[in-house]
Amino acid sequence: SKDKDALQMVLKSMSIDDKLPYNRATLALVYHYTGQQEKSKALIEEARASKDSTVMDYFQYVIDVINKKEPFRN
């Protein structure tokens, strides 16, 4: 499925730079769509705990998609 392909791609990007907020936010989103909600929530909570507004800029979109405030899939 495309979700599994997305997971493989984001894991590859994480292997290159697992600290990059964009990669971490993308991983949280892909985890959500691949039925790994606990892993997704853990990444979101870690981002919130960082209190870094730059990190949260990336994660806010993910949070909005998960909460259906932002359209993602048709």
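# Helix packing and salt bridges: worked exercises

Helix α1 crosses α2 with left-handed geometry. A crossing counts as left-handed if the near helix is turned anticlockwise from the far one by less than a right angle, and as right-handed if clockwise. Helices (H or I, at least four residues) and strands (E, at least two) are DSSP runs, numbered from the N terminus.

The model is predicted: local features need pLDDT of at least 70, side-chain atom pairs count only at pLDDT 80 or more, and totals for chains, interfaces and linings use all residues. Residues are numbered from 1 along each chain as its sequence is written, and side-chain values use heavy atoms, with hydrogens and water left out.

## Exercise 1: α1 against α2

Task: describe how the axes of α1 and α2 are arranged, then list the contact residues.

Solution. Two packed helices are described by the angle between their axes and the distance between the axes. Axes are lines fitted to C-alpha atoms, for helices over the stretch in contact, and angles run from 0 to 180 degrees between N-to-C directions.

- Step 1. Locate the helices: α1 spans residues 2–16 and α2 spans residues 21–33.
- Step 2. Their axes come within 9 Å and cross at roughly 155°.
- Step 3. Classify the angle. Under 35 degrees is roughly parallel, over 145 roughly antiparallel, 65 to 115 roughly perpendicular, and the rest oblique. α1 and α2 are therefore roughly antiparallel.
- Step 4. Find the contacts (heavy atoms within 4.5 Å). From α1 come Asp3, Ala6, Leu7, Val10, Leu11, Ser13 and Met14; from α2 come Asn23, Arg24, Thr26, Leu27, Val30, Tyr31 and Tyr33.
- Step 5. Sort this contact by class: nine nonpolar, three polar and two charged residues. Ala, Val, Leu, Ile, Met, Phe, Trp, Tyr, Cys and Pro count as nonpolar, Asp, Glu, Lys and Arg as charged, and the others, Gly among them, as polar.

## Exercise 2: α2 against α3

Task: which residues of α2 and α3 meet, and at what angle do the axes of α2 and α3 cross?

Solution.

- Step 1. The axes of α2 and α3 come within 7 Å, crossing at roughly 155°.
- Step 2. α2 and α3 are therefore roughly antiparallel.
- Step 3. α2 passes α3 with a left-handed crossing.
- Step 4. Arg24, Leu27, Ala28, Tyr31 and His32 of α2 meet Gln37, Lys39, Ser40, Leu43, Ile44 and Glu46 of α3.
- Step 5. The classes in this contact are five nonpolar, three polar and three charged.

## Exercise 3: α2 against α4

Task: are α2 and α4 roughly parallel or antiparallel, and is the crossing of α2 and α4 right-handed or left-handed?

Solution.

- Step 1. Helix α4 covers residues 53–66, and the axes of α2 and α4 come within 8 Å and cross at roughly 15°.
- Step 2. α2 and α4 are therefore roughly parallel.
- Step 3. The crossing is right-handed.
- Step 4. Pro21, Tyr22, Arg24, Ala25, Ala28, Leu29, His32 and Tyr33 from α2 meet Val55, Tyr58, Phe59, Val62, Val65 and Ile66 from α4.
- Step 5. By class, this contact holds 12 nonpolar, one polar and one charged residues.

## Exercise 4: Salt bridges

Task: how many salt bridges does a search of the whole structure find?

Solution. Side chains of opposite charge can pair when their charged atoms come close. A salt bridge puts a side-chain nitrogen of Lys or Arg within 4 Å of a carboxyl oxygen of Asp or Glu.

- Step 1. The search returns four salt bridges.
- Step 2. One of them joins glutamate 46 and arginine 24, at 2.4 Å from N to O. Glutamate 46 is in α3 (residues 37–50) and arginine 24 in α2, so the pair ties together parts that are 22 residues apart in sequence.
- Step 3. Check burial: under 20% relative accessible area is buried, over 50% exposed, in between partly exposed (1.4 Å probe, protein chains only). Glutamate 46 is partly exposed at 44%. Arginine 24 is buried at 15%.
- Step 4. Lysine 41 and glutamate 38 form a salt bridge at 3.8 Å, N to O. Both lie in α3, three residues apart, about one turn of the helix. Lysine 41 is partly exposed at 48%; glutamate 38 is exposed at 60%.
- Step 5. Arginine 48 and glutamate 45 form a salt bridge at 2.9 Å, N to O. This pair also lies in α3, three residues apart.

## Exercise 5: Positive phi

Task: where does lysine 51 lie, and where does lysine 68 lie?

Solution. Most residues other than glycine have a negative phi.

- Step 1. Lysine 51, not a glycine, has a positive phi of about 55°. Lysine 51 sits in the loop between α3 and α4 and is exposed at 74%.
- Step 2. Lysine 68 has a positive phi near 60°. Lysine 68 sits in the segment after α4 and is exposed, with 74% relative accessibility.
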